[in-house]
Amino acid sequence: MRRVLLRWSLPFLLVCLPGCDAMDLLLRNTVDSEEGEVRLAGLTAPVTIQRDELGVPRIEAASEGDLAFGMGYVMASDRLAQMVSYSLVAQGRMSEMAGPVTRDLDVYMRTLGVRRNAEQQMAQVSPALQKNLQRFADGVNAWVQTHKDRLPLDFRLSGYTPEPWTPVNSMDVFAMLNLGLSLNLPEEIAFLDLAAAVGPEKAAWLVPSGPGEALPLEEAGKLKDFPFSKLMTVTTAQAAMQKQLGEFFVPLRQAASNNWAVAPQNTLGKASILANDTHLMLEHPPVWMLMQLAAPGYHAGGVAIAGIPGIVAGYNGHVAWGMTMVMADSQDVFVERLRQQDGKTLYQYRDEWRPVQQREEIIRIKGEADHKVVVQETVHGPLLNTALRGKQVNEIMLPTFKVADGYGLAVQTTASVADKSMERFFMLGQAQDFKAAQAALEGIGFIHLNLLFADAGNIGWQVTGNYPQRRKGRGYLPSPGWTGEYDWEGVVPFASLPREVNPAAGFLATANHRTVATDHVPHLTDSWYAPERHERIVESLQESREQTLATTVGLQNDIKDLAALKLARLLREKDGLLRERLGKMPEAARESAEKSLLMLQQFDGQMGISAPGATLYGIFLDDLTRQVFADELGPRDGSAWQSFLLANLITYSAQQDHMLGREDSPFWDDVNTAGLREDKWDIVVRTLAMSWQESLLRLGSDPRQWRWGKVHTYAWESGSTRMKPHLPAVPAMVVGLLGRYLDRGPYPAPGSTNTVNVAGYTIGEGFKVWNVPAMRLIVDFSQKEPLHLINAGGQSGNPASRHYDDGIPLFLSGSNRVMAFHDPVLVNQQFSRKLVLQPAEKNFDKN
């Protein structure tokens, strides 16, 4: 504690002073100059780093090796703490930097074997890529070596000294991308928790695949007679771990993103337009970095992720590409039968009892003794019980528990299938035409994406990823592991995955919605998201065959919620029935409900920050969620309720499914009203009255003055702030004060979970926005400079840099901006600040 107080005392005192000048003064030597010259060992020729007014870099080198070196240097300068954190989490070593607060997280990641997956992927890379990854690492290490005495704030506060970066650290980050795009593990765990609360058949109503689709009763029936309560401690701890993992270090685990591509015949400029906005966690710094890279053999601009050299989504002068999540089911949970015999753990598989495989992991924890973990595995994968039964070292850790009587949970994932996915992404960045881009996508298995790609005259869609081939079942919900019936038999061949080129409709669009029929073979997933964003994109693209850059910017900022319009239509259709029920209510409640009903029936679906109708609609959704489900899944701080909220965040929600349908659901009956059996419309009229009264309390007596942006807000929070609830008292107090310096907001937020311009929040738990367009990319091939791009925040992770938050106003404005690419005059005008990395001496050729 003394060491903690000493390390944090100066920031504590400085942040207490008025304004932020004192902290900026303390950290000013950690901010690099954007101009001048730096001499570094390891370069073979000069590397030019030009930056624009928002700090976005353009890196130019005479070779790919030096380009990779320059990119490593720049990423370390802008985001070293972020990339180091990603790698430490993947390795299960975050406690070496953060202390005991992340111990159980490290146990979990060691159990999943994310670093082992990274090593398997690393073994597949070509010698050329291996060399560029090493050159990238050289650039990172060159920056660290020249900044040992002035590392960023994160390292000062933690006392952690970053280790030399290596190629496998970059693959760690790639493995974290895979984990962030994998949804089914937390979804299946949530189902076990819900089944323990209400039974598997009733829990099936809480995990729908889509509006009007059959409920997964057959999937739920796989464990019909299973004693779910015996796994309650496992699922409770696992749900808490998933929440911690999502809050801290895997910001990609949300149903996220829009992309569309418009063919030349549907654009005013008679050339293709591609648009992409990835929906990720609202955080400081953001996930993406904006960047342009130029060297012989590789010239591309777009978004990158700290720790991986290359452009993830963008434009290379010939081809543009962007991505959304497929919502792939690439993980299966198997319930295993276990028993102890002669001091060994055995598991049943078919007709025999086999010993589990074991490996020992040593976790080093800052300020505490090392922690030993024995990870056990079955034929299906690691047992999560082992990951979550470690000694509880303080009150914020997950609860201690023993292996549930006779049962355990194993997880199998396609992340263990090694391939050349990273290689393929580099090939995509080098593609010189549409066919080359198509060929580059072949074989991307590690990452599950809807990839749209285009050149000036063509548009295409390709699903990527490895998808399990199962002997039986769909893998949507947990399976019994002891029968062998539901085992995997390899993965689906890439050639069988969905794809389309130049469709007759003149456009392609994905938004995490169901992209294939329910009986489509091969099976991709049942974890689709709500259809409204995709429906709105299609509606807008069909309105005009003269799409432009301006209409594309407008669509990315669109805030019409089609689910709100569906609700308005439903309320109008049921007006007579609703008014009959209203007539039975007490006068005060009836008057409130009538006013609420009228406003929602007339609401135009526009979720603007000043819209009274948007305010009431949002509060109605929040109240309806609790009215329908909390009586059986509560209390609200309990495991079942938290698992319910998590399941709603990940995929198509039971909340929306019930709001717009499922009139026969058993959840409409309020179990707390003895002797009564409510139906859907009883609960709806009750909620109409409650939401009007709550709006009056929150926003005042004049409905014309209700403002959606007053309750629905953006707040850019640092990782320290998000960790605050899990910290001991003294560090939590200091982090709270540091939040004044590190965090930005709140700002009024337009949109909702279902709008194209997404502003997602946890319905049923308030209105704090956490899911936003983390970047907005547009490539209009008819323009002289086709690439337009913004980020949801600043380029730098250093709070003393002016580029820490100078991207926020542009994001809030809804505007986009060009990234000059082709014209040297425009390039130099935009990227006007120049830093040159010079070789310190003559070097042998490392390229």
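Q: Glu423 is buried; what makes it a residue with no salt bridge?
A: In this predicted model, the nearest side chain of opposite charge, Lys420, is 4.8 Å from Glu423.

Q: Which side chain joins that of Glu423 in a polar contact, and how do you know that the term applies?
A: The side chain is that of Ser126, at 2.4 Å from the side chain of Glu423. The cut-off for a pair of N or O atoms is 3.5 Å, so the distance qualifies.

Q: Where is Glu423 placed, and what does it touch beyond four places in sequence?
A: Glu423 belongs to helix H15, residues 421-430. Its contacts are Gln124, Val125, Ser126 and Leu129. Leu129 is also one of the buried residues of H7, and H15 is among the elements that cover the buried residues of that helix.

Q: How do you know that the span of helix H7 is close to the expected one?
A: H7 covers residues 127-145 and has 19 residues. From its first C-alpha to its last it reaches 26 Å, which is close to the 27 Å expected at 1.5 Å a residue.

Q: Which residues of H7 are buried, and what covers them?
A: Among the buried residues are Asn132, Arg135, Phe136, Gly139 and Trp143. The cover includes strand E1 (36-40), H3, helix H6 (114-122) and helix H9 (167-180), along with H15.

Q: Why is the pair Arg150 and Asp32 called a salt bridge?
A: The closest N and O atoms of Arg150 and Asp32 are 3.7 Å apart. The limit is 4 Å, so the pair counts as a salt bridge. Arg150 lies in the loop between H7 and helix H8 (153-158), and Asp32 in the loop between helix H2 (21-27) and E1, so the pair ties together parts that are 118 residues apart in sequence.

Q: Why is Arg150 called partly exposed?
A: The relative accessibility of Arg150 is 23%. Buried means under 20% and exposed over 50%, so Arg150 counts as partly exposed.

Q: Why are Arg626 and Asp622 separated by about one helical turn?
A: Arg626 and Asp622 are 4 residues apart in helix H22 (residues 612-633), so about one helical turn separates them. Both are buried, and their side chains form a salt bridge of 2.8 Å, N to O.

Q: How many salt bridges does a search of the whole structure find, and which residues are linked in a network?
A: The search finds 53 salt bridges. Arg110, Arg116, Arg359, Glu361 and Glu377 are linked in a network of them.

Q: Is Asn512, with its positive phi, buried or exposed?
A: Asn512 has a phi of about 65° although it is not a glycine. Its relative accessible area is 0%, and therefore it is buried. Asn512 is found in the loop between strand E24 (507-510) and H17.

Q: Which residues touch the most other members of the largest nonpolar core?
A: Leu80 and Tyr617 do, in a core of 211 residues. Helix H3 (residues 64-91) gives the most to this core, with 16 residues.

Methods: Residues are numbered from 1 along each chain as its sequence is written. This is a predicted model: local features need pLDDT of at least 70, side-chain atom pairs count only at pLDDT 80 or more; totals for chains, interfaces and linings use all residues. Side-chain values use heavy atoms; hydrogens and water are left out. A nonpolar core is a set of buried Ala, Val, Leu, Ile, Met, Phe, Trp, Tyr and Cys residues joined through side-chain atoms within 4.5 Å. Buried means under 20% relative accessible area, exposed over 50%, partly exposed in between (1.4 Å probe, protein chains only). Helices (H or I, at least four residues) and strands (E, at least two) are DSSP runs, numbered from the N terminus. Lys and Arg count as positive and Asp and Glu as negative; His and the chain ends are not counted. A polar contact is a pair of N or O atoms within 3.5 Å; within protein, one must be able to donate a hydrogen and the other to accept it, and residues adjacent in sequence count only if both atoms are side-chain atoms. Contact means heavy atoms within 4.5 Å. The expected span of a helix is 1.5 Å times one less than its number of residues.
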